[in-house]
Amino acid sequence: MVTVFETFFSEIATAIGADAVNRSEETLSRYGENTMPGGDRRPAGVVYPASTSDVQKVVRSANAHGVPLYPISTGSNIGLGSRSASSAGQVVLDLGYRMNHILELDERLGFAVVEPGVSYQAMYDELVRRGNKLMLDVTSGPPQGGMLGNALDKGAGYTPYFDHFGFSCGMEVVLGNGEVMRTGDGSLNHERLVNWHTSKYSFGPILDGLFTQSNFGIVTRMGVWLLPRPPAVQSFHFVFPEDDDLEEIIELARPMKMSNFVPSLFRVANDLYLCGSEGESPEYRLSNGRKSISDAGRRALQQKHGLGAWTLSGAFYGPSAAAIEPQIARVRDHFMKSGKASYIAHEVAARIPPLKVAINAFSGIPSLGELGLLKWRPGGGNIWFLPGTPMDGKIANEFQRLCRKIYEDHGLDYTVMNVCGARFARGLHVITFNREDPDERARADTCYRRMSEEVAKRGVFVGRAPLDYHDMHFAQTMPGFQQACAAIKKALDPKGVIAPGRYGIH
Amino acid sequence: MQTNFTPSQLRDPRIAEANAILQTCVHYGFCTNTCPTYVLTRDENESPRGRIDLIRAMLEKGGAPEPDTVRHLDNCLSCLSCMTTCAVKVDYVHLIDRARAHIERNFRRPLGERLARTLLARVLPHPRAFGAAMALGRLTRPLWPLLPPRWRSMLDMIPPRVAPDVLAPQVFRAEGAVRKRVALLAGCVQQALNGDINAATIRLLRGHGCEVVIAAGSGCCGSLNLHMGREEEARAFARQNIRAWGRVRAGGLDGVIINASGCGTTVKDYSHLFAREPGMAQPAAEIAALARDVSEFLWLLGLRKPTARVPAYRVAYHDPCSMQHVQKVSEEPRALLRAAGFEVADVPERHFCCGSAGTYNLLHPEMAKALGERKATHIRSTDPDIVATGNIGCMTQLSYYLDRPIVHTVELLDWATGGPKPPALHGVTLREPAPAASAKTGAAASTAIW
């Protein structure tokens, strides 16, 4: 008997080509892999569309046969799901293989238009090829990560254009019913669109946000704004010795951002976030992964790398290093007045690998350095817990103590970077664990759940979430939000074929 | 990754090493997005992660590998882009070399393939034999259509023009005061194809106060054989070099200079090649520690002031994989070219292989062609006057797909510091650079807004 999937794949092969369907054993096995505690999720197949029209054909066929699709861009969302679908048996729609073109690059108006497979590295290469006039904002994650996927998942970087969704403009979306919609000024029913990627505030409701962290449609094209590349980028770094210094750091950082005196975001990283990228935990094998690293072990690492319990990094942009010097002097006076901080200058930081990562990030240069964090413990387990704190030192420090304790209760290593804006800091908590050790895997899972519950009790939600926890977090939302999401899903994807379960929306 | 070798298998130090490497792979999959064969095919078995799984299964089973496994492992370029990208730093280079040696010992290839590989292994390392083989190949051109496709595609790769110059053992005196004494690996294939590279290297080094020794007994570095799984042959070549340079060391030796980056990668890894050979481990490690790419060494010496007569031509610098992914030498050649007065353009997708990869373009012409064309498109997109790189393999491969002159980095540095114009530029009309070439860069152009 021919199954629904056989019919579906056969139809797709006819519609967009046999080589657009991959159901090899190895492919199914690897596309199901991820780094989370809950296990792999083997898909039913992988489809490679080459155009928006191909995506429409696939979505229509999925509607006809009731086949669930799971779109990915480059599949580099390590710690949040990789290429894995929401649940086993979905069909991964891999947009990165063939839809990886930079469709437009306007150097005068400073924007690019990208397909889902365009990586940070590809965009950087193209900008350099054109003379390096513009700078893109990058994450400190994989250079091969996709710009469009990151923006839709509310990812961020560190330069003035850090907010990847906020600095996107104009989308083309294939809705769950197979229809194509353009957002913003692109909604004009005309062949020649002038302001599609320059104006967000066009006629009618701003629909773009519907396609972030959701499953209402498949974004096949997006505009991204780019900053004119500054001739000079000068970073500054301050090291603080104690864990509880976080309170003062946040208080010092806030006015610098509120006034926008410092144009970059602040990276306030703890010792393990920085040192962890330089090798495996020196104590992991001593306790077989059952204990957190000791305070003595942390101090040894801090000394080895010339860092402290916390390191704050930021950057200025200007015509030359000399022109920026007065700003550096002012920020230096500001942070040094606590009497606790020690200063690391740009030129020195450039020779310290974990700080070089920050410099690259502030400079819009994709780099690999931070990926080293993933080998802090063996076994390849990795989940990211991404709550936030207001830029209030007392509250931030309370969360620091709370989460540090929960990590330690689970024998895991507290690894965090607070990425600070004017009013809010996102706490990038990395839970690295040995996925091949069932006990450690279970501890990582409980640790994540416990932190989620505890911060929620204090009125704080997460900003992004690993696939394993989408349902759990969705259950934390209010009924009105849930009903609205369900109604939108029903309207735009009535048969529920796009990523059922993603971000808890079924 | 969990492995299942028996205690008896693990007593073999080669398997023990492979086992340790295999266990570090955790299937993050970052490698897939930068692996040329995976990016082009989207076949998991054509990715480093997939190949690592195949190697594990092959070595655990022992004995003759499956033909499909051999095909997928053969298809690996050993470009090692995966090692740059890997978050957990899997030592893929030594794993794939181990796998290739296992295949060589345990797998009987079809006759034509065996003959082709044996011929390459026996001829390429010897410049005079290689030169004679190319001459014979050219003479028999009318017969090529009668040959099987594999042989035809190999013969198609014979360059139309070569400039051989096989150097005899000798010492080139330094100009002026002696700052350093170095041994130069004269190479094998490079000497048969392009003697201009060694000539430029020697002039440059002498001009920078180096005494340059071509050591008696030195020759092929062993790289070509090593990457075909012929480990013992590779060791034999390497052993000769270590002994030859060891003799030179008696008179003082500040560096072993290599100007073909594929060879440099192998010489720098001699310590691993001889790690388990009593009596050789120490000298191999000492030679490996002295090995430097010519650009690394020149950067340390400091490039002497360029003469003013070479205009600031726009040079696209192509990173050979062996230099960027293994030796991690990518800034020095650029910095030297800039110091010499050229405008240097970075090539998009620079992490990608051009398809040369030792004998890869001879044995896998289709994939090599796809990669060569892709690289040529990217290089052309930078609108260069000249293309520079640091490996004869890349130079030869790119010459099939590019219509711009391709030279070794040292040829440009030599020219800019008083040497002759590179022969590849003779008869080529180069654009006169704009007076303020640097104004092309956005940062400078947009200073006003900052």
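This is a predicted model: local features need pLDDT of at least 70, side-chain atom pairs count only at pLDDT 80 or more; totals for chains, interfaces and linings use all residues.
Hi everyone, and thanks for coming. Let me start where the two chains meet. On one side we have 31 residues of chain B, and they are in contact with 38 residues of chain A. Which helices of chain B supply at least two residues each to the side that touches chain A? They are helix 4, residues 48-61, and helix 25, residues 442-445. Of the contributions to that side, the most comes from helix 25 of chain B, with 4 residues. If you sort the side of chain B that touches chain A by class, you get 11 nonpolar, 14 polar and 6 charged residues.

Let's stay with helix 4 of chain B. Its 14 residues reach 20 Å from the first C-alpha to the last, close to the 20 Å expected at 1.5 Å a residue. Is this helix mostly covered or mostly open? Mostly covered: 11 of the 14 residues of helix 4 of chain B are buried.

Helix 4 of chain B packs against it at an angle of about 45°, with the axes 11 Å apart. That angle makes helix 4 of chain B oblique to helix 7 of chain B, and the crossing is left-handed. From helix 4 of chain B, the contact uses P48(B), I52(B), I55(B), M58(B) and L59(B); helix 7 of chain B answers with Y92(B), L95(B), A99(B) and H102(B). By class, this contact has 8 nonpolar residues, 1 polar and no charged ones. Following helix 4 of chain B comes G62(B), with a positive phi near 70°.

Now over to chain A for another pair. Helix 1, residues 4-16, and helix 3, residues 52-65, both of chain A, pack at about 155° with their axes 10 Å apart. So helix 1 of chain A is roughly antiparallel to helix 3 of chain A, and their crossing is right-handed. Residues on the helix 1 side include F8(A), E11(A) and I12(A), and those they meet in helix 3 of chain A include K57(A), V58(A) and A62(A). The residues of this contact divide into 7 nonpolar, 3 polar and 3 charged.

Several residues of helix 3 of chain A are buried, including D54(A), Q56(A), K57(A) and V59(A). Just after helix 3 of chain A, G66(A) takes a positive phi of about 65°.

Most residues other than glycine have a negative phi. Where in chain A does Y503(A) sit? In the segment after helix 15 (479-492). Y503(A) has a positive phi of about 50°, and with 20 C-beta neighbours inside 10 Å it counts as buried. In chain B, A357(B) has a positive phi near 50°. A357(B) lies in the loop between strand 7 (343-346) and helix 21 (360-363) of chain B, and its 27 C-beta neighbours inside 10 Å make it count as buried.

That's my tour. Happy to take questions!

Note on methods. Residues are numbered from 1 along each chain as its sequence is written. Chains are lettered from A and ligands numbered from 1 in the order in which they are written. Two residues are in contact if their C-beta atoms, placed from the backbone, lie within 7 Å. Ala, Val, Leu, Ile, Met, Phe, Trp, Tyr, Cys and Pro count as nonpolar, Asp, Glu, Lys and Arg as charged, and the others, Gly among them, as polar. Axes are lines fitted to C-alpha atoms, for helices over the stretch in contact, and angles run from 0 to 180 degrees between N-to-C directions. Angles under 35 degrees count as roughly parallel, over 145 as roughly antiparallel, 65 to 115 as roughly perpendicular and the rest as oblique. A crossing is left-handed if the near helix is turned anticlockwise from the far one by less than a right angle, and right-handed if clockwise. A residue is buried if 20 or more other C-beta atoms lie within 10 Å of its own, exposed if 12 or fewer, and partly exposed in between; C-beta atoms are placed from the backbone. The expected span of a helix is 1.5 Å times one less than its number of residues.
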